[in-house]
Amino acid sequence: MDLIVRDFPDLLRAMGVTLLLGVVSFVLGCILGALVGLARISRFRLLKGLAIAYVSVFRGTPLLIQIMLVYYGLPQLGILIEPIPSAILALTLYAAAYLSENFRAGIIAVDRGQWEAAHSMGMPYWRMLRRIVAPQAIRVALPPIGSRFIALMKDTSLASAVTVVELTRAAETIGSSTFRYMEAFLVAAAAYWLINTALSLGQGALERRLGRAYA
Amino acid sequence: MDLIVRDFPDLLRAMGVTLLLGVVSFVLGCILGALVGLARISRFRLLKGLAIAYVSVFRGTPLLIQIMLVYYGLPQLGILIEPIPSAILALTLYAAAYLSENFRAGIIAVDRGQWEAAHSMGMPYWRMLRRIVAPQAIRVALPPIGSRFIALMKDTSLASAVTVVELTRAAETIGSSTFRYMEAFLVAAAAYWLINTALSLGQGALERRLGRAYA
Amino acid sequence: MNTTDQPGTPGRTDSPIHIRGLQKRFGALEVLKGVDLTVARGEVVVVMGPSGSGKTTLIRCMNLLEEPDAGTVAVCGCSVECGDRARRRERARQVREIRHRTAMVFQQFNLFPHLTALGNVAEGPLSVRRMPRADAEALARRLLDRVGLADKAAEYPARLSGGQKQRVAIARALAMEPEVVLFDEPTSALDPELHAEVLQVMRELARDGMTMVVVTHEVEFAREVSDRVVFMDGGVVLEEGPPREFLSRPAHPRAQAFLRLVAHDLPEEGADDEGPDKPTRWERAS
Amino acid sequence: MNTTDQPGTPGRTDSPIHIRGLQKRFGALEVLKGVDLTVARGEVVVVMGPSGSGKTTLIRCMNLLEEPDAGTVAVCGCSVECGDRARRRERARQVREIRHRTAMVFQQFNLFPHLTALGNVAEGPLSVRRMPRADAEALARRLLDRVGLADKAAEYPARLSGGQKQRVAIARALAMEPEVVLFDEPTSALDPELHAEVLQVMRELARDGMTMVVVTHEVEFAREVSDRVVFMDGGVVLEEGPPREFLSRPAHPRAQAFLRLVAHDLPEEGADDEGPDKPTRWERAS
Amino acid sequence: TGCSAAASDSTLDNARSKGTLRVALTQANPPWNFLDGDNEPVGYDVDVARELAKRLGIGKVEFVGSDFGSFIEGVRANRFDIVISGQTITAERRQQVDFSRPYEVNGISVFVGTGNTSITGLASLKGRRIAVTEGTTQAEYARTKIPGARIKTYKNATLALTDVGQGRADAALVSKFQGAYLADKNDLRVKATGALLETEVNGMTFRKGQQDLKGKVDKALNDMIGDGTLSAISRRWLGGLDMAAELRKLPAGQAG
Ligand SMILES: Nc1ncnc2c1ncn2[C@@H]1O[C@H](COP(=O)(O)OP(=O)(O)OP(=O)(O)O)[C@@H](O)[C@H]1O
Ligand SMILES: Nc1ncnc2c1ncn2[C@@H]1O[C@H](COP(=O)(O)OP(=O)(O)OP(=O)(O)O)[C@@H](O)[C@H]1O
Ligand SMILES: [Mg+2]
Ligand SMILES: [Mg+2]
């Protein structure tokens, strides 16, 4: 384990990168996912069709390909993106496809009477979404969104394919320079596990908090 | 697109590998997952605890690390596994952790009266599981299991990290030798999308078939 | 609030609700087949009729929760010509105006479950009328007091009884300071012992001069509080008149049959008959 | 089937069911407080009693779906000393033996929804008795014919009425060729108009000499078909006797009160009273 | 700052004004370039890079860890200024990027497990499992020159040689120096066999059209060859080899 002590600062830095990737893509993915989810239930055929296609494509193809497409493929079109932004872009697009379905399910679960009560007050559409529909939808959508956050945290490991030195890449580098892959990967795995267990606990607490009004 | 024509045989072979990885790990993952799911609802504390720990660890850490741990880490313990078996092993362990939760939910959803009716006949435990509980549990578990199969099909792309030449690795190779990443990855993505769309359709048909008795 | 200074439709005078030739269909089903109805300022109109006769649809057309197919709906000075798809912008503005000037109380309350009683009542002032929070909450407290629920301000709807919920819903409606309040069977989702507290609040509201359209089968309420009873059947207004006259001597045979059912059951267990199975009974009787 | 040639418990003779000092608790709740009951071969015993008196628990102890805490349960020649945790192996063998020789019919039918009527009836012979498929299906067809459902062999439970479901469940029980059939309120989940068809099948079974223990409140059935009525209350057998005597002149006041409720309602709308709200009524009455 | 819209289009000017030269390398190809015990990049390429920066008048070198799969796109995308990681000069790559004059020559050896006697050279590689580093010229070489090769690609040579040592690949195509260094240092059970497959001439790469940079780099390299600096560096890392001498032996066409 002296290996770990020596490489601790590197691992810590890499863990920072992992958290950065996960948190930033999750936040952006939630925003994009909410928009796609709304488009998915929109009355406008075109918007709805686009949302369906988006979800089908981004959920139907591997994240690894999406990441590499962004990093290696886009420069062919003259779009050059740094490794970390590339990874964040791909992770965001991928997560948003899943999150949009969670948001959609949450919104659909809100009773029609809630929309009608808000409408009958003359509340504008966006304000109604924000103040009436969203708080109720989020409660239903929270468990699957939490699972997605955890999945996303693990998905950040694929950023290693485009030279981002996050936890997995760091473990790989340490492993291949010391020939102690086992220890290096186990330490990285433990770090992910801790992050995800903490997220699970946080999610549970949040669910209880949001459920308070309904007790 | 001449690129595609030239490399078509390679891509086809790679697609075969992808399908092989996905199908074999899915089948093995279902078997292991069912066992873990049963352990999870067992009365034996130890068995139950082990199942919970298994699920937590394999769901809480990235598949990429698990694959690399098997391929690069296990030789340190004298366990040397070829790339494709390594990938299948890791994919199976990973998928089983998720599938066990689906099976468990399916089993729990079977009415207690069904167990009692079978018990009252004096049906042995395993025969009851197979003939009475499983057919009903599977119906409930099918939608999430189908989603997991699709996720697994995409997860096979990570086998590229341990030198398996499946679709993603093939696309990367073609891309890096021709500098036409865009086309190569798009073709691979399309192949995954087709596989997954076919799986989705098959799942829908199967769900309808299993639902027949309940119509 | 009383800024009805827009160029009025001819012959409309000052009536806050003025409906002419209203038609509405759902697919093949013609639900409203040309309804005319005018409600004067301060008037309380009770709408009765068998299930499926279109009562709910009619009052939902008044604040355009349903989009009518044809006819004119003029509410609080805003006149909407229906079935005319052009001028979306203008139409949307008018619909918003109408909804600001009316308020609706629903059978299922439709309180916002994530907000406290106070939050529910303050929501309209805050997010539609854009009042400062302090003012909105002061208003909400006054209104909760008015419906007798000052002490429940901090409760979430899940912890209120049905009657308390409906009273909060009425307070929420009043918080919009509407010219008209529309009620759709406000007591029929309630256990019988809770009807009285809601009807009492409505009675006080009527006494204060509020213009009200109330779909209900509460015969006592209609008799004592309303100025006029409108009887609907099959998508038209079949008969209307002062409550005492209509309730004791309805002219139309179908109204007679309907009243026999509703009024007869009232003394012993009428409450039960406001439940969801009443319509079936009527259907059987007709 | 009648191989009761095991070394019998002293004093047990040939009675297929012989229970002594049966006790069962769920946590703090003592449900059975020492029940003795012997059922002779070919006898039909009806068990009655208010809700919560332990009837269901009693018959579930007979085939060890519930594990009793103390007492002796000797069923079809297998004797189980309860409360004795040792010798798991031996115990498991005995429990299996008892379950092979008895069959149970449940209030909620508990048909296997993924199997046709034929599949349901054939399941026991196939997977417990390990009959060849052809024989199992021939047997199943004969039994479906016996309960009047020969034409429904290929239907799934979802497409059968409640009465048909329960008749399939009885056929399924008979397919195990049991020495005893245990019924737990076999008609009380059914609409009243469907009771008769199930009771008719049970009547024929009794006539054919089957040993039966039936938890039911069907007073007519008890009077006409049963050999003995057992009245339970508070976890003990309070009274038992021939049906005609017990049903017309119960000795114990609680049995009198219970019968007033059950039997009284029978002529007019007794059916309704077999519904789930009956127990509550009894509780109120007692 | 996703897209790299620098103030000037001149890589050299930008590097000089920032005082930093961004150098990409694998950091996993000893002895050319790798991480030492303190996780600092070291090796032949690293020393050359530092010397080069000094001669270009740039105070600091920022080493960027990347891999062969990413070098070309990375330098085109201006993710770094220059790749100094033993890239072989090929016509295909020349279409994408510009090369400096050669600064190292390398020989590709076939490495096999220590117990392996059946593989003796190119001819006996037919149909075998060949380990290569992804994106290198050896990968392309194996694909085109070895019939029926089952190519296995790795992120770096260490991983490739390890697998050969463990028997999960039959042979690896790796730089002679690198293979020898790794085998020795890590007790990998591999050995070089047969003749050198080919001699590779390696250069540094940078974005196309950077004439000022190319001129300054080439001049600096020529100076380093002339004044013995390069020889000193190579002796230190490559077991006493004089790289300047090797470079002088190149035929005129390849000398750049
Ligand atoms: N959104 C809708 N889509 C289709 N049909 C509808 C819709 N809303 C109402 N209907 C139908 O229109 C008819 C009139 O409905 P409405 O709710 O106005 O009746 P009502 O008089 O309020 O009856 P009740 O006393 O049962 O509330 C009914 O047959 C109803 O099924
Ligand atoms: N598995 C269990 N866990 C805890 N309590 C139980 C359980 N099963 C039964 N009980 C309790 O034991 C008591 C007796 O139950 P039982 O079902 O035997 O009554 P019963 O006479 O069949 O009543 P009913 O006429 O309502 O079916 C009841 O209070 C019941 O709530
Ligand atoms: Mg209505
Ligand atoms: Mg019971």
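**Figure 1. Nonpolar, polar and charged residues in the shell around ligand 2.** The shell around ligand 2 consists of 4 nonpolar, 6 polar and 2 charged residues, where Ala, Val, Leu, Ile, Met, Phe, Trp, Tyr, Cys and Pro count as nonpolar, Asp, Glu, Lys and Arg as charged, and the others, Gly among them, as polar. The model is predicted, local features need pLDDT of at least 70, side-chain atom pairs count only at pLDDT 80 or more, and totals for chains, interfaces and linings use all residues; side-chain values use heavy atoms, with hydrogens and water left out. Residues are numbered from 1 along each chain as its sequence is written, while chains are lettered from A and ligands numbered from 1 in the order in which they are written. Surrounding ligand 2 are Phe26(D), Leu29(D), Val31(D), Pro50(D), Ser51(D), Gly52(D), Ser53(D), Gly54(D), Lys55(D), Thr56(D), Thr57(D) and Glu185(D); a residue belongs to such a shell if one of its heavy atoms lies within 4 Å of the molecule. At least two residues of this shell come from each of strand 2 (29–39) and helix 1 (55–62) of chain D, and helix 1 of chain D contributes the most, with 3 residues. Helices (H or I, at least four residues) and strands (E, at least two) are DSSP runs, numbered from the N terminus.

**Figure 2. Polar contacts of ligand 2 with chain D.** A polar contact is a pair of N or O atoms within 3.5 Å; within protein, one must be able to donate a hydrogen and the other to accept it, and residues adjacent in sequence count only if both atoms are side-chain atoms. Polar backbone atoms lie at 2.8 Å from an oxygen atom of ligand 2 in the case of Gly52(D), and at 3.0 Å in the case of Gly54(D). A polar side-chain atom of Thr56(D) is placed 2.6 Å from an oxygen atom of ligand 2. Ligand 2 taken alone exposes 630 Å², of which the protein buries 61%; accessible areas come from the Shrake-Rupley method with a 1.4 Å probe, and for residues only the protein chains shown count as cover.

Figure 3. The shell around ligand 1 is made up of Phe26(C), Leu29(C), Val31(C), Pro50(C), Ser51(C), Gly52(C), Ser53(C), Gly54(C), Lys55(C), Thr56(C), Thr57(C) and Glu185(C). Of these, 4 are nonpolar, 6 polar and 2 charged. Helix 1 of chain C supplies the most, with 3 residues. Oxygen atoms of ligand 1 are approached by a backbone N or O atom of Gly52(C) at 2.9 Å, by a side-chain N or O atom of Lys55(C) at 2.8 Å, and by a side-chain N or O atom of Thr56(C) at 2.6 Å. The protein buries 60% of the 630 Å² that ligand 1 exposes when taken alone.

**Figure 4. The helices of chain A.** Chain A contains 8 helices and 0 strands, and its C-alpha trace spans about 70 × 50 × 25 Å along its principal axes. In an unreviewed entry, UniProt lists residues 15–205 of chain A as "domain: ABC transmembrane type-1"; positions are given in the numbering used here, feature names are shortened, and annotations may be inferred rather than shown by experiment. Over residues 15–205, chain A is 82% helix and 0% strand, with end C-alpha atoms 24 Å apart. The UniProt annotation "transmembrane region", also from an unreviewed entry, covers residues 12–39, 51–74, 80–99 and 184–206 of chain A. Residues 80–99 of chain A are 85% helix and 0% strand, and their end C-alpha atoms are 27 Å apart. Residues 184–206 of chain A are 100% helix and 0% strand, with 33 Å between the end C-alpha atoms.

**Figure 5. The pairing of chains A and B.** Chain A is superposed on chain B by a rotation of 180 degrees with 0.0 Å of shift along its axis (RMSD 0.1 Å). The two copies are thus related as by a two-fold rotation axis; superposition is by least squares on the C-alpha atoms of residues with pLDDT of at least 70 in both. The copies meet through the same surface, because 100% of the interface residues of chain A are also interface residues in chain B. Chains A and B share the most contacts of the 5 pairs of chains in contact, contact meaning heavy atoms within 4.5 Å. Chains A and D are joined by no contact, and their closest C-alpha atoms lie 28 Å apart. Chains C and E likewise have no contact, with closest C-alpha atoms 38 Å apart.

**Figure 6. Local backbone features in loops of chains E and A.** Pro30(E) and Pro31(E) are joined by a cis peptide bond, with omega about 0 degrees. Pro31(E) lies in the loop between strand 2 (28–29) and strand 3 (33–35) of chain E. Thr163(A), a residue other than glycine, has a positive phi near 70 degrees. The loop that holds Thr163(A) runs between helix 6 (125–155) and helix 7 (167–178) of chain A.
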